[in-house]
Amino acid sequence: MKIKSVRTRVWNWTGPTVPPQGNFCTNASDALWMKGDTMSSFRFHQWLTCEVETEDGTIGIGNAALAPTVVKKAIDELLAPLVIGEDPFDNAYIWEKMYRRSHAWGRKGIGMTAISAIDIAIWDLMGKLANKPVFKLLGGRTKEKIPVYYSKLYADSVEAMQREAEEAMKGGYSAFKTRFGFGPKDGMPGMRENLKRVEALREVVGYDNDLMLECYMGWNLDYAKRMLPKLAKYEPRWLEEPVIADDVNGYRELNAMNIVPISGGEHEYSVIGCADLIRSGAVSVLQYDTNRVGGITAAQKINAIAEAFQVPVIPHAGQMHNYHLTMANVNCPMSEYFPVFDVEVGNELFYYIFEGDPEAQDGFLQLDDDLPGLGISISDKHLKNFEITE
Ligand SMILES: O=C(O)[C@H](O)[C@H](O)[C@@H](O)CO
Ligand SMILES: [Mg+2]
């Protein structure tokens, strides 16, 4: 059976969006002296779908959320020709072919994201052709159901965040991630605002539930070193992306302080990139996203390395490409889960493009043992709110 085509589409959301608070999350742009929308790099109102079709008409679906228009070009012009004519079950060879033929420019960022979108589609294809869910091709069911953590609680007023946390508690979640709204540019007053919100959330969720803290690369080593001792008493499950992704030494120094587990990896790419994070002790929790890091072929290899070092893997974002890996690996204890909301930052946009993503029930989600592939299809329910570029 050979691959006969690769179809990419960019989905541009033109529907209504809920504007989040101005500083709903710190981010790497905060270090810049700039006016205007510092959060622009932090919106996901475009998405890429990648459909790989075999001669018999079976179609596998991949996706990418980072820089969709550029990733589309990389796939259409440079990677698709390498994939067409290959047997999808030669997925490891296809991966190496894409990786090595684009090595001069493709190891990280756009190039690896493009490889990821194709690879995810190939795994969906293999599952459909084998009539098995992808997780059954990866090692099978290691969990009765997947524990999830509620991932939103963008920085807002203390009252608004406590209300949201109360609603999430009622929804049966027992783990919660919040975003910091203040960082180095906000000085000591900002530190106090950050700590006030963590304390307020602990008042709502208590100390028997996990509370994760997210900086989204918006702090720096100096600020994080000063904040960690102040955060310790709130017993965070982890502090996520405290520094920019390239500051691996900063990660390692913060993690070595052993005050709060440091997590990261959603902006790391390739097997070797993640192996370096693990081997250097940079993270206590690894959080690659399968639609960035190299797809399922790469992610499963990274899972083996992480297991060897006993570093748990909790992939960034929800989505089926991550859920199937979590189901098939004991060393993947839980999944991030974006609750279904109106389109805001865009973390939730995939719910409007695909059908089949499971909704969490009482803090868990389930995968179907008998649903071949990833178990998603492309939805036509929200087409009026998208401009689609073939
Ligand atoms: O971990 C995550 O979900 C991400 O880092 C951010 O928090 C997400 O909101 C990106 O938009
Ligand atoms: Mg994150």
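The model is predicted. Helix α1 packs with helix α3 and also with helix α2, while helix α5 crosses helix α6. Ligand 1 is surrounded by 13 residues.

**Helices α1 and α3**

- Helix α1 covers residues 68-83 and helix α3 covers residues 110-130; their axes are 9 Å apart and the packing angle is about 60°.
- Because of that angle, α1 counts as oblique to α3.
- The two helices, α1 and α3, cross in a right-handed way.
- On the α1 side, the residues in the contact are Val-70, Val-71, Ala-74, Ile-75, Leu-79, Ala-80 and Val-83.
- On the α3 side, they are Ile-110, Gly-111, Thr-113, Ala-114, Ile-115, Ala-117, Ile-118 and Ile-122.
- Sorted by class, the contact of α1 with α3 holds 13 nonpolar residues, 2 polar residues and no charged ones.

**Helices α1 and α2**

- Helix α2 spans residues 91-101, and α1 packs with α2 at an angle of about 145°, with the axes 9 Å apart.
- The crossing of α1 and α2 is right-handed.
- From α1, the contact uses Leu-79, Leu-82 and Val-83, and from α2 it uses Ile-94, Lys-97, Met-98 and Arg-101.
- The contact of α1 with α2 is made up of 5 nonpolar and 2 charged residues, with no polar ones.

**Helices α5 and α6**

- Helix α5 (residues 158-170) and helix α6 (residues 187-205) cross at roughly 30°, and their axes come within 9 Å.
- The two helices, α5 and α6, are therefore roughly parallel to each other.
- Their crossing, α5 past α6, is right-handed.
- Val-158, Met-161, Gln-162, Ala-165, Glu-166 and Met-169 are the α5 residues in the contact.
- They meet Lys-196, Arg-197, Ala-200, Leu-201, Glu-203, Val-204 and Val-205 in α6.
- The contact of α5 with α6 contains 8 nonpolar, 1 polar and 4 charged residues.

**Ligand 1**

- Of the 13 residues that surround ligand 1, the closest are Lys-177, Arg-179, Glu-266, Glu-336 and Asn-347.
- The side chain of Arg-179 has an N or O atom 2.7 Å from an oxygen atom of ligand 1.
- The side chain of Glu-336 has a polar atom 2.7 Å from an oxygen atom of ligand 1.
- For Glu-240, an N or O atom in the side chain is 2.8 Å from an oxygen atom of ligand 1.

Key
Residues are numbered from 1 along each chain as its sequence is written. Chains are lettered from A and ligands numbered from 1 in the order in which they are written. This is a predicted model: local features need pLDDT of at least 70, side-chain atom pairs count only at pLDDT 80 or more; totals for chains, interfaces and linings use all residues. Side-chain values use heavy atoms; hydrogens and water are left out. Axes are lines fitted to C-alpha atoms, for helices over the stretch in contact, and angles run from 0 to 180 degrees between N-to-C directions. Helices (H or I, at least four residues) and strands (E, at least two) are DSSP runs, numbered from the N terminus. Angles under 35 degrees count as roughly parallel, over 145 as roughly antiparallel, 65 to 115 as roughly perpendicular and the rest as oblique. A crossing is left-handed if the near helix is turned anticlockwise from the far one by less than a right angle, and right-handed if clockwise. Contact means heavy atoms within 4.5 Å. Ala, Val, Leu, Ile, Met, Phe, Trp, Tyr, Cys and Pro count as nonpolar, Asp, Glu, Lys and Arg as charged, and the others, Gly among them, as polar. A residue is near a molecule or strand if one of its heavy atoms lies within 4 Å of it. A polar contact is a pair of N or O atoms within 3.5 Å; within protein, one must be able to donate a hydrogen and the other to accept it, and residues adjacent in sequence count only if both atoms are side-chain atoms.
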